[in-house]
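Here is a short briefing to read alongside the sequence and the coordinates. Please have both open as you go.

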Amino acid sequence: MKKTEKIIQTVIIYTLIVMMTVVLLLATIELGYYIFKFVIESDNAILNLSQLMELFGAFMLVLIGIELLDTIRVYLKENVVHVEVVVLVAIIAVARKVVVLKLEDIDGMKIIGIALIIVALAAAYYFIKKTGLMVCSVDENEKNGIGEKEQNEEKEIMMP
């Protein structure tokens, strides 16, 4: 990758980190506001089921954002994407959808579709754990499975 492309990529990643941090901060404040509002509005400081579902959905949304922020930070530091974390974020996102889902509002095909997504993500996570594939490098120097370390070792061997 050329130096200017690397600089542009780094600027974009830092911008994403700042924007994601702002969004997470706002989402956390909104979650706190929801909790405060629901407790104040209730008679016995007990939340009803629909309020709990809203809170769980907002809470899981913050968790998804935190995981995405962590993925972006790791990519910036190591220039690799942690495949396991990406799949876990997808699992959390689908779980959030299932938690806030109102079954009476959707048809059977959508429920089957969500079930298939859950099975596919679970299978992907299982195979990632089983094979030990935790990261996916996105560095151009790592072609044909040769990492930067191996390339440097090859250069040292070839030098007189």
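This is a predicted model: local features need pLDDT of at least 70, side-chain atom pairs count only at pLDDT 80 or more; totals for chains, interfaces and linings use all residues.

The protein chain holds five helices and two strands, and from the N terminus its elements run α-α-β-α-α-β-α.

**The chain as a whole**
- Of the 160 residues in the protein chain, 21% are buried.
- Counting contacts between residues at least 6 apart in sequence, 70% join residues at least 24 apart.

**Helix H1 and its packing on H2**
- Helix H1 covers residues 3-41 and helix H2 covers residues 49-78.
- H1, with 39 residues, reaches 56 Å from its first C-alpha to its last, close to the 57 Å expected at 1.5 Å a residue.
- The axes of H1 and H2 come within 9 Å and cross at roughly 160°, which makes H1 roughly antiparallel to H2.
- The crossing of H1 past H2 is left-handed, and the residues of this contact comprise 21 nonpolar, six polar and three charged.
- The buried residues of H1 are Gln9, Ile13, Ile17, Met20, Leu24, Leu31 and Phe38, and these buried residues pack against H2.
- As a reminder for reading that list, an α-helix has 3.6 residues a turn, so residues three or four places apart point the same way.

**Helix H2 and its packing on H3**
- H2 has 30 residues and spans 43 Å between its first and last C-alpha atoms, close to the 44 Å expected at 1.5 Å a residue.
- Just after H2, Asn79 adopts a positive phi of about 60°.
- H2 and H3 pack with their axes 9 Å apart at an angle of about 170°, so H2 is roughly antiparallel to H3.
- On the H2 side, the contact is made by Met53, Phe56, Gly57, Met60, Leu61, Ile64, Glu67, Leu68 and Thr71.
- On the H3 side, the contact is made by Val85, Val86, Val89, Ile92, Ala93, Ala95, Arg96, Val99 and Val100.
- By class, the contact of H2 with H3 has 14 nonpolar, two polar and two charged residues.

**Helix H3 and its packing on H4**
- Buried in H3 are Val83, Glu84, Val85, Val87, Val89 and Val94.
- The axes of H3 and H4 come within 10 Å and cross at roughly 155°, which makes H3 roughly antiparallel to H4.
- H3 and H4 make a left-handed crossing.
- H3 brings Val83, Glu84, Val87, Leu88, Ala90, Ile91, Val94 and Val98 to this contact.
- H4 brings Ile114, Ile117, Ile118, Leu121, Ala124, Tyr125, Ile128 and Lys129.
- The residues of the contact of H3 with H4 divide into 14 nonpolar, no polar and two charged.

**A closer look at Ile114**
- Ile114 lies in helix H4 (residues 108-131).
- Is Ile114 buried or exposed? Its relative accessible area is 17%, so Ile114 counts as buried, the cut-off being under 20%.
- Which residues does Ile114 touch, leaving aside its neighbours within four places in sequence? Ile114 is in contact with Val94, Val98 and Leu101.
- Ile114 and Val94 are 20 residues apart along the chain, with their C-alpha atoms separated by 7.7 Å.
- Val94 is itself one of the buried residues of H3, and both Val94 and Ile114 take part in the contact of H3 with H4.

Conventions: Residues are numbered from 1 along each chain as its sequence is written. Side-chain values use heavy atoms; hydrogens and water are left out. Axes are lines fitted to C-alpha atoms, for helices over the stretch in contact, and angles run from 0 to 180 degrees between N-to-C directions. Helices (H or I, at least four residues) and strands (E, at least two) are DSSP runs, numbered from the N terminus. Angles under 35 degrees count as roughly parallel, over 145 as roughly antiparallel, 65 to 115 as roughly perpendicular and the rest as oblique. A crossing is left-handed if the near helix is turned anticlockwise from the far one by less than a right angle, and right-handed if clockwise. Ala, Val, Leu, Ile, Met, Phe, Trp, Tyr, Cys and Pro count as nonpolar, Asp, Glu, Lys and Arg as charged, and the others, Gly among them, as polar. The expected span of a helix is 1.5 Å times one less than its number of residues. Buried means under 20% relative accessible area, exposed over 50%, partly exposed in between (1.4 Å probe, protein chains only). Contact means heavy atoms within 4.5 Å.
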